[in-house]
Amino acid sequence: MRVDLDGLSFETPVGLAAGYDKSGRAVDGLSALGFGHIEVGSVSRDPSDGNPKPRLFRLPEDEAVIVHYGLQNDGADVVRSRLLKRRTSTPIGGNIVKTNRGIDAPAESADEILREYVDAVRILHDCSDYLMLNLSCPNTEDGRDFFADPGNMREMMARLAEVTVQRPLYLKVSPLGGDEALEQLLEAVEPFGFVRGFAFNLAPGVHASLRTDKRVWGELRGALAGKPVEEQMNDRIRSLYGRMDRSRYAIIGVGGVSSGEDAYRKIRLGASAVQLLTALVYEGPWVVKRIHEGLCWLLERDGFGSVSDAVGVDVG
Ligand SMILES: Cc1cc2nc3c(=O)[nH]c(=O)nc-3n(C[C@H](O)[C@H](O)[C@H](O)COP(=O)(O)O)c2cc1C
């Protein structure tokens, strides 16, 4: 079950997605659940209260949640001091984003947005085992489209190239924009060797056919997570894996994972590791162990000696 990614070593491919431990308060306890890695955050340079409550809604019939948190977190300095005191050896991902200052805050310039990311990277890089830049928060006005512009993406990378980033850097990007967006992304980051992989974020809004009555969720703001986003995410993983340089990049697959079968599917489509969040809400803490057992059984059934042997086998 061990996964070795470019200097990162995960004991299992199943990690905790960003958004559960937003401020690095619980990494020791969470690691006891058996996660192979824990992604903390999203963390911004400055603390943020996020969006007003209520901002998280359960849709149990769909094993889904609608999230409109808006990046509440304690800020990079506080998170750093907590992570430096951790006892667990489970690898930690530092998921970084720009501070959400609320809908009434004046719009920030491109320069300020980019500077915030770089500042947070400087603060968090030496207390994380990898960094994940959240370049596509669905729930903030300025988080959504800024990096869909390849010029902004290139400028972000150029600025990061001036920082000594001592950790592998991953980008959490929008699942929207189709294959053209993936081509543009790969082209924009190609010259920047410190970028080692990708994950897909949630899309804004609810774009799936749900079992839950629309009267329950039709008026809610936020992004859908959990089972109903699984197919969309799998489709993006397959497409990215088919296009990317596999000797350089890895995909961390996230979206609707709640069983060994789900994890295995993402791995066969090109994910080197997977993450979950919503399944923890509906299945409880044993879900991690159940996924491990299911995944081991499936790998063995199909004659794979390790997780990495199965990565991308369903993609040409
Ligand atoms: C309550 C909640 C908060 C989240 N917060 C963040 C976040 O701060 N940063 C981020 O990159 N993703 C965030 N996400 C997205 C998750 O990391 C993950 O990509 C998404 O939920 C899909 O996985 P799942 O279907 O297993 O929940 C959040 C998701 C949920 C449900």
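## Aromatic contacts in the predicted model

At a relative accessibility of 0%, Tyr170 counts as buried. The structure described here is a predicted model. Tyr130, with a relative accessible area of 0%, is likewise buried.

| Pair | Centre separation | Plane angle | Geometry |
|---|---|---|---|
| Tyr117 and Phe147 | 5.4 Å | 85° | edge-to-face |
| Tyr130 and Tyr170 | 5.7 Å | 75° | edge-to-face |

The pair of Tyr117 and Phe147 is classed as edge-to-face because its planes meet at 85°, where the class requires an angle over 60 degrees. This pair links distant parts of the chain, 30 residues apart. Tyr117 belongs to helix α3 (residues 110–124), whereas Phe147 is placed in the loop between β8 (130–134) and α4 (150–161). Both Tyr117 and Phe147 are buried.

For Tyr130 and Tyr170, the planes stand at 75°, so this pair is also edge-to-face. Tyr130 is located in strand β8 and Tyr170 in strand β9 (residues 169–173), so their contact ties together parts that are 40 residues apart in sequence. Both residues also belong to a cluster: ring pairs link Phe10, Tyr130 and Tyr170.

A contact of another kind involves a charged side chain. Lys22 lies over the face of Tyr69, at 4.6 Å from the ring centre.

Methods. Residues are numbered from 1 along each chain as its sequence is written. This is a predicted model: local features need pLDDT of at least 70, side-chain atom pairs count only at pLDDT 80 or more; totals for chains, interfaces and linings use all residues. Side-chain values use heavy atoms; hydrogens and water are left out. Rings of Phe, Tyr and Trp (its six-membered ring) pair if their centres lie within 6.5 Å; planes under 30 degrees apart count as stacked, over 60 as edge-to-face and the rest as tilted. Helices (H or I, at least four residues) and strands (E, at least two) are DSSP runs, numbered from the N terminus. Buried means under 20% relative accessible area, exposed over 50%, partly exposed in between (1.4 Å probe, protein chains only). A charge sits over a ring if NZ of Lys or CZ of Arg is within 6 Å of the ring centre and within 35 degrees of the ring normal.
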